[in-house]
Amino acid sequence: MKILVMGAGAVGAYYGVRLQQAGEDVVFCARGDNLRALKANGLEIKSASGDVKLAVKATDNPREFAPYDLVLFAVKSYDNEGAARQLEGCLAKDGVMMTIQNGVENEEALCRFFPRECVMGGNSRVVAELIAPGIIQHNALGAIEFGELDGKKTPRAERLAEMFKRAGILGELTSDLKTIRWYKLMGNNSTNSVSALSRTTLGQMLADGDGYNLLRTLMLETLAVGRAEGAKVDDARIDVQLQFIKKSVNVDAAKTSTLQDLEKGKPLEYDAISGAVVRAARRHGMKVPATEAVYTLLKLLDTSRRTSGQ
């Protein structure tokens with residue numbers, strides 16, 4: 001299958017490598033130093049499950065290798081419009097555009113640029129960091145959960161699931177995309193927000209009693225809003241997930257993507273995460289004070305960094 005990783009940062013590049021290892025024809029779309037490293041040296045993953053280094057096809061122009069049977073759309077949400085415009089005319093007949101981004105609004109954003117029947121949604125479930133141009137540190141997990149927007153188990157979705165399985169990255173082919181997306185947002189709205197504001201790893205947040213309680217509060221608010229939006233989410237999942245993180249992730253080293261962006265001086269992806277919860281809550285007349293607080297603080301932090309040039 002011809003695949004484009006649109007946004008070959010830590011997450012997108014990790015999945016692209018696994019798919020290429022499984023024999024798929026993968027193209028990595030990147031820019032700047034990362035693109036130059038991919039072209040010159042290939043892509044390297046450092047992982048407890050085994051290091052790998054591959055020569056890869058890399059470009060900053062998706063049209064160079066088009067058309068694609070699958071586009072893994074992995075750019076930051078604030079780059080949606082620019083990236084989508086770059087991809088106009090790049091899908092093969094019956095091709096799929098699959099977002100694996102943070103947030104719950106990206107599917108509809110992509111539907112403004114591509115026919116709805118071309119778009120799928122998914123969750124990236126991987127803890128990884130781009131530690132240098134072309135080099136990824138894989139810390140834990142590594143699956144993709146995905147599904148059709150209408151929940152049907154279509155032949156094309158089954159084919160993608162089989163391909164992901166061969167590559168070792170299949171998490172779940174779901175018939176309830178909304179629910180799994182809100183569960184992912186539950187984690188992002190808590191850990192990403194708190195880690196960036198406090199500059200702490202997952203382990204530091206979870207080890208602190210007040211930090212742990214703040215994470216739970218943000219998770220509870222997220223799930224309450226998700227239920228109002230029609231997601232079939234259960235609060236019992238919160239402690240299960242927090243304990244899972246403690247057991248399955250090298251939490252002392254693991255940094256959320258928002259903290260990674262903060263440390264690298266990049267824009268913060270808070271609007272697609274906390275902002276999505278705040279917007280949905282307001283649609284339903286709900287109060288989410290903890291989420292509103294972290295959203296405002298992240299917005300102020302991001303704005304101050306941009307205006308000061310930091």
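## A buried aspartate

Asp 302 counts as buried because its relative accessibility is 3%, and buried means under 20%. This residue sits in helix α12, which covers residues 289-308. The structure shown is a predicted model.

What does Asp 302 touch, leaving out residues up to four places away in sequence? Its partners are Pro 267, Leu 268 and Tyr 270.

## The whole chain

Along the principal axes, the C-alpha trace spans about 50 × 40 × 40 Å. A compact globule of 310 residues would have a radius of gyration near 19 Å. The protein chain has 18 Å, so the two values agree.

How much of the chain is buried? Buried residues make up 55% of the 310 residues. The contacts tell another part of the story. Take those with a separation of 6 or more: 70% of them join residues 24 or more positions apart.

## Charges

The protein chain carries 41 positive and 38 negative side chains. How far apart are the centres of the two sets? They lie 1 Å apart.

Some of these charges pair up. The count comes to 22 salt bridges. Among the residues involved, Lys 76, Asp 261 and Glu 269 are linked in a network.

## Three salt bridges

Start with Glu 107 and Arg 181. They form a salt bridge, and their closest N and O atoms are 2.8 Å apart. Glu 107 lies in helix α4 (residues 106-111) and Arg 181 in helix α6 (residues 177-198), so the pair ties together parts that are 74 residues apart in sequence. Are these two residues buried or exposed? Glu 107 is buried, and Arg 181 is buried too.

Next come Arg 156 and Glu 148. Their salt bridge also has its closest N and O atoms 2.8 Å apart. Arg 156 has 19% relative accessibility, so it counts as buried. The cut-off matters here, because buried means under 20%. Glu 148 is at 6%, so it is buried as well.

The pair of Glu 263 and Lys 255 sits in another setting. In this salt bridge, the closest N and O atoms are 2.9 Å apart. Glu 263 counts as partly exposed because its relative accessibility is 43%. Lys 255 is at 25%, and so it is partly exposed too. Both values fall between the cut-offs, since buried is under 20% and exposed is over 50%.

## An exposed helix residue

Now look at Ala 207. This residue is found in helix α7, which covers residues 202-207. Is Ala 207 buried or exposed? Its relative accessible area is 68%, so Ala 207 is exposed.

Sequence and space can be set side by side here. Ala 207 and Lys 246 are 39 residues apart in sequence. Their C-alpha atoms are 9.5 Å apart in space.

## Backbone details

Most residues other than glycine have a negative phi, and most peptide bonds are trans. Where does this chain depart from that pattern? One place is the peptide bond from Ala 66 to Pro 67, which is cis, with omega near 5°. Pro 67 lies in the loop between β5 (57-59) and β6 (68-73).

Asp 94 is not a glycine, yet its phi is positive, near 70°. It lies in strand β7, residues 91-99. Asp 94 is exposed because its relative accessible area is 63%. Leu 141 has a positive phi too, near 55°. This leucine lies in strand β9, residues 135-148. Its relative accessible area is 37%, so Leu 141 is partly exposed.

Technical notes. Residues are numbered from 1 along each chain as its sequence is written. This is a predicted model: local features need pLDDT of at least 70, side-chain atom pairs count only at pLDDT 80 or more; totals for chains, interfaces and linings use all residues. Side-chain values use heavy atoms; hydrogens and water are left out. The radius of gyration is taken over C-alpha atoms; the globule rule is 2.2 Å times the number of residues to the power 0.38. Buried means under 20% relative accessible area, exposed over 50%, partly exposed in between (1.4 Å probe, protein chains only). Contact means heavy atoms within 4.5 Å. Lys and Arg count as positive and Asp and Glu as negative; His and the chain ends are not counted. The place of a charge is taken as NZ of Lys, CZ of Arg, CG of Asp or CD of Glu. A salt bridge is a side-chain nitrogen of Lys or Arg within 4 Å of a carboxyl oxygen of Asp or Glu. Helices (H or I, at least four residues) and strands (E, at least two) are DSSP runs, numbered from the N terminus.
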